[in-house]
Amino acid sequence: MSSWENDTTQAAIALPEPSATEISEPHWQACKEQKLLVQQCSNCQSYTFPPEKNCPQCFENTLAWQQSSGKGKIYSFTIVYRPQTPAFNTPYVAAIIELDEGWHMLSNIIDCDIDKLAINQAVAVCFEKRGKSVLPMFRTV
Ligand SMILES: [Zn+2]
């Protein structure tokens, strides 16, 4: 038995929320408006996520926010049975999503049958409120 399984303070532990930075703030603000934003370089056209100050491909300060379709496919995933903190309900799915624009992001797949998930399965973004934040999540389509 782990030290926290029967811990009566477990309910008081909140799920972690993202800490927006000056660079990532537009992404998190857009999530509150049910929009998924990604940076695209106007010099080399590559997409960048997580948010950066300069383009990691050409190093120019030419990144601009674009709205993603929010549609993509499962690039990779794992099913988590032992969470980082006891606040998480398990099992849950951590996945790398390949968006239709060709960029990747780490997220969760929710409301799914975890036994039927597959690489390349189509997914679409959805948004989940957590505390004062709104997180981009994905559902199978
Ligand atoms: Zn670039």
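The protein's accessible surface comes to about 8700 Å², and carbon and sulfur atoms account for 48% of that. Bear in mind that this is a predicted model. Along the principal axes, the C-alpha atoms fill a box of roughly 55 × 35 × 25 Å. Of the 141 residues in the protein, 35% are buried. Take the contacts between residues at least 6 apart in sequence: 50% of them join residues at least 24 apart.

On to secondary structure. There is one helix, along with eight strands, and reading along the sequence gives the pattern α-β-β-β-β-β-β-β-β. Three of the strands make an open sheet, ordered S2-S1-S3, with antiparallel pairing. S2 and S3 are the edge strands, each pairing on one side only. Strand S1 covers residues 37-41 and runs antiparallel to S3, joined to it by five bridges. If you want a spot to look at, Gln39 stands opposite Trp65 in S3.

Next, the metal site. The zinc ion has four protein donors, Cys41 (SG), Cys44 (SG), Cys55 (SG) and Cys58 (SG), lying 2.3 Å from it. Along the chain these donors follow the spacing C-x2-C-x10-C-x2-C. What is the arrangement of the four donor atoms around the zinc ion? The angles they subtend run from 103 to 119 degrees, so the arrangement is tetrahedral; the cut-off asks for all angles to lie between 85 and 135 degrees.

A pair of aromatic rings is described by the distance of the centres and the angle of the planes.

| Pair | Centre to centre | Angle between planes | Type |
|---|---|---|---|
| Phe49 and Trp103 | 5.2 Å | 50 degrees | tilted |
| Phe88 and Tyr92 | 5.3 Å | 25 degrees | stacked |

Which parts of the chain does the pair of Phe49 and Trp103 tie together? Phe49 sits in the loop between strand S2 (47-48) and strand S3 (63-67), while Trp103 sits in the loop between strand S5 (92-99) and strand S6 (104-109), so the pair links parts that are 54 residues apart in sequence. Phe49 is partly exposed, with 23% relative accessibility, whereas Trp103 is buried, with a relative accessible area of 3%.

As for the other pair, why do Phe88 and Tyr92 count as stacked? Their planes are at 25 degrees, and planes under 30 degrees apart count as stacked. Phe88 and Tyr92 are both buried.

Methods. Residues are numbered from 1 along each chain as its sequence is written. This is a predicted model: local features need pLDDT of at least 70, side-chain atom pairs count only at pLDDT 80 or more; totals for chains, interfaces and linings use all residues. Side-chain values use heavy atoms; hydrogens and water are left out. Rings of Phe, Tyr and Trp (its six-membered ring) pair if their centres lie within 6.5 Å; planes under 30 degrees apart count as stacked, over 60 as edge-to-face and the rest as tilted. Helices (H or I, at least four residues) and strands (E, at least two) are DSSP runs, numbered from the N terminus. Buried means under 20% relative accessible area, exposed over 50%, partly exposed in between (1.4 Å probe, protein chains only). Donors are N, O and S atoms within 2.8 Å of the metal (3.2 Å for Na, K and Ca); water is not among the atoms, so sites may look incomplete. Four donors count as tetrahedral if all angles lie between 85 and 135 degrees; four count as square planar and six as octahedral if opposite donors are over 155 degrees apart and all others between 65 and 115; anything else is irregular. Two strands pair if DSSP finds at least two bridges between them. Contact means heavy atoms within 4.5 Å. Accessible areas come from the Shrake-Rupley method with a 1.4 Å probe; for residues, only the protein chains shown count as cover.
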